[in-house]
Amino acid sequence: MDWVYALDIFGTLVFAISGILTAIDNDFDLVGSAIIGLVTAVGGGTLRDILLGATPVGWLHDSNYIFTVILALILSYTLKNSILKLRKSMFLFDTIGIGLFTILGVKKGLLYDLPTSSIIMMGVVSAVFGGVIRDVLTNVVPLIFRKEIYATACIIGASVFLLLNHYTHHDTWSMIVSMLVVMIIRYLAVIRNWSLYISK
Amino acid sequence: MDWVYALDIFGTLVFAISGILTAIDNDFDLVGSAIIGLVTAVGGGTLRDILLGATPVGWLHDSNYIFTVILALILSYTLKNSILKLRKSMFLFDTIGIGLFTILGVKKGLLYDLPTSSIIMMGVVSAVFGGVIRDVLTNVVPLIFRKEIYATACIIGASVFLLLNHYTHHDTWSMIVSMLVVMIIRYLAVIRNWSLYISK
Amino acid sequence: MDWVYALDIFGTLVFAISGILTAIDNDFDLVGSAIIGLVTAVGGGTLRDILLGATPVGWLHDSNYIFTVILALILSYTLKNSILKLRKSMFLFDTIGIGLFTILGVKKGLLYDLPTSSIIMMGVVSAVFGGVIRDVLTNVVPLIFRKEIYATACIIGASVFLLLNHYTHHDTWSMIVSMLVVMIIRYLAVIRNWSLYISK
């Protein structure tokens, strides 16, 4: 499943860049930016692994995650203006990361003997909490709780994966289809400004 | 010990409602509110389980906790005005949750070979940190550090439980008495506006 | 290695005092101050142990850490004015704690079969995240991300320790030299106002 690993590193890179850009906006220094980049990229998977007891947590076993964050740091500082122009593409890349991290989280949850609702939650935590920790560390109320139906897309995609996986037993296609579900919902939500508010 | 499980679910419901009401006050969307509700309700026990290494953490094994949070979400949105009128009763319910979570935390701590001070700390963490995480995620300084002798009530109740349990070996009565100790101290503290400030 | 344990308790005391003084500045009550003191002192090591899966986390096994925090609480409230006059010495003490916690973190990381970059990260996490959690709980953007090359000192010191340990196999001297490296870099950085900003 090399394409999964490649996408995982790609998602890590995109999440790290998004964290580092936030850090730069907050006047963090180089190392502070690197820490925020790392936390944004691996924070969700880290919390999932800690909740499951899958320790030492995943990224500690593979130095490529740390090196990807260092690459993100170099790219962010050298190409900052170009990246900012690419914000729209960044949003698309970010959506790919969210889709993949959701499904990878569900797959990790499946290794444990847990109820379905908890396995779906592992997908949501993986995709969402990196951004939540980034927002907590930069002292803002996490965006995700207010502005996007980001977590909803993850819940739906995770459920689709579990259904497809259960009925088709075709892992690769289940992953691809459910990742696309997450990505399309999130894409449409942002484009059409969907939200799940209930008026007070 | 069915009454313990029933009270645990009841405490989860009350804590989740308190989290969801805070989330609504902060303009969170439905899923954001659900996440804050879940974190408020299970955050303390989660941190306790992570510190102890009791993983996968407790609520992941039992889907009733997640469904209780969903119930809390429905109640909070449909009955919001009635619940706000019930704030005083909510405070009482909340106190029941704190008392129970403290003692359940101590009992879990007792399963490990740890010094007494650490076991008491597991009771405090269980009862207190759900609210702390809620406050961190909604970007306010945790109330508990300033306004109530909440944690003190937990420390005293946890100590009473350990003493009673050690000398009487009567688990149920030790639980009931020490829960009442937590609840009465917290009730009196709020009613009489006790605090543990030392003037600067 | 009694001197290591003594320094560890000393570092815990100094970190706890720094946390408690911050808590007092924020109008926290006694128990709130104690919790912030504990979190500041043991938070970094706790996160390291959680990431590694070394649970129950270290300080839970040894009540001296909690008692040291209680001692810090008594000292902070009774000797507050003297301590504030000692701020310069406090900074020096704090630097000793950072140096030691970095190396202890690396040594704990070495017990697991992890890549070098992850082991260095365990040193940084141990030394740095107590202060980060303190800042998150008191609702400020963590100072370390902006003002000091604190984490950089930890990264360099951790690398020096790994090199010395690998080539000399002399544990005590490797520890002493690399702790001094952390302390000297941090001392010079603060005195000379070094930073790692790259202008925007």
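These legends describe close-up views of a predicted model.

**View 1. Helix H8 of chain C, residues 171–192.**
Helix H8 of chain C has 22 residues, which should span 32 Å at 1.5 Å a residue. The buried residues of H8(C) are C:Ser174, C:Met175, C:Ser178, C:Met179, C:Val182, C:Met183, C:Ile185, C:Arg186 and C:Ala189. Seen down the helix axis, these buried residues fall within an arc of 160°, so they line one face of H8(C). An α-helix has 3.6 residues a turn, so residues three or four places apart point the same way. On the face of H8(C) turned away from the buried side are the exposed residues C:Trp173, C:Ile191 and C:Arg192.

**View 2. C:Met183 in helix H8 of chain C.**
Is C:Met183 buried or exposed? Its relative accessibility is 18%, and a residue under 20% counts as buried, so C:Met183 is buried. When residues up to four places away in sequence are not counted, C:Met183 touches C:Thr95 and C:Ile96. The view can also take in C:Ile36, which is 147 residues from C:Met183 along the chain. The C-alpha atoms of C:Met183 and C:Ile36 are separated by 24 Å.

**View 3. A:Met179 in helix H8 of chain A, residues 171–192.**
A:Met179 has a relative accessible area of 6% and is buried. Which residues does A:Met179 contact, leaving aside neighbours within four places in sequence? They are A:Trp3, A:Leu7, A:Ile96, A:Gly99, A:Leu100 and A:Ile103. A:Val4 is 175 residues from A:Met179 along the chain, and the C-alpha atoms of these two residues are separated by 11 Å.

**View 4. Helix H7 of chain C, residues 150–168.**
Helix H7 of chain C consists of 19 residues. From its first C-alpha to its last, H7(C) reaches 27 Å, close to the 27 Å expected at 1.5 Å a residue. Buried in H7(C) are C:Tyr150, C:Ala151, C:Thr152, C:Ala153, C:Cys154, C:Gly157, C:Ala158, C:Phe161 and C:Leu162. Just after the helix comes C:His169, with a positive phi of about 55°.

**View 5. The second largest cavity, with lining residues from chains A, B and C.**
Rolling a probe the size of a water molecule over the atoms shows where empty space is left. In the whole structure, a search finds 2 cavities of 30 Å³ or more. The second largest cavity holds about 60 Å³ of space. From chain A, its lining includes A:Asp135, A:Val136, A:Asn139 and A:Val140. From chain B, the lining includes B:Val136 and B:Asn139. Chain C is represented by residues including C:Asp135, C:Val136, C:Asn139 and C:Val140. The elements that give two or more residues to this lining are helix H6 (116–137) of chain A and helix H6 (116–137) of chain C.

**View 6. Chain C superposed on chains A and B.**
The copies use different surfaces, as 10% of the contact residues of chain C recur in chain A. For chain B, a turn of 120° and a shift of 0.0 Å along the axis superpose chain C with an RMSD of 0.0 Å. Only 10% of the interface residues of chain C are also interface residues in chain B, so these copies meet through different surfaces.

Key
Residues are numbered from 1 along each chain as its sequence is written. Chains are lettered from A and ligands numbered from 1 in the order in which they are written. This is a predicted model: local features need pLDDT of at least 70, side-chain atom pairs count only at pLDDT 80 or more; totals for chains, interfaces and linings use all residues. Side-chain values use heavy atoms; hydrogens and water are left out. Helices (H or I, at least four residues) and strands (E, at least two) are DSSP runs, numbered from the N terminus. The expected span of a helix is 1.5 Å times one less than its number of residues. Buried means under 20% relative accessible area, exposed over 50%, partly exposed in between (1.4 Å probe, protein chains only). The arc is that of the directions from the helix axis to the C-beta atoms. Copies are superposed by least squares on the C-alpha atoms of residues with pLDDT of at least 70 in both. Contact means heavy atoms within 4.5 Å. On a 1 Å grid over the protein atoms alone, a cavity is a set of points where a 1.4 Å probe fits but cannot get out, and a pocket is an open set with protein on both sides within 12 Å along at least five of seven lines; lining residues have an atom within 4 Å of a point. Grid points are joined across faces, edges and corners, and a volume is the space filled by probe spheres set on the points.
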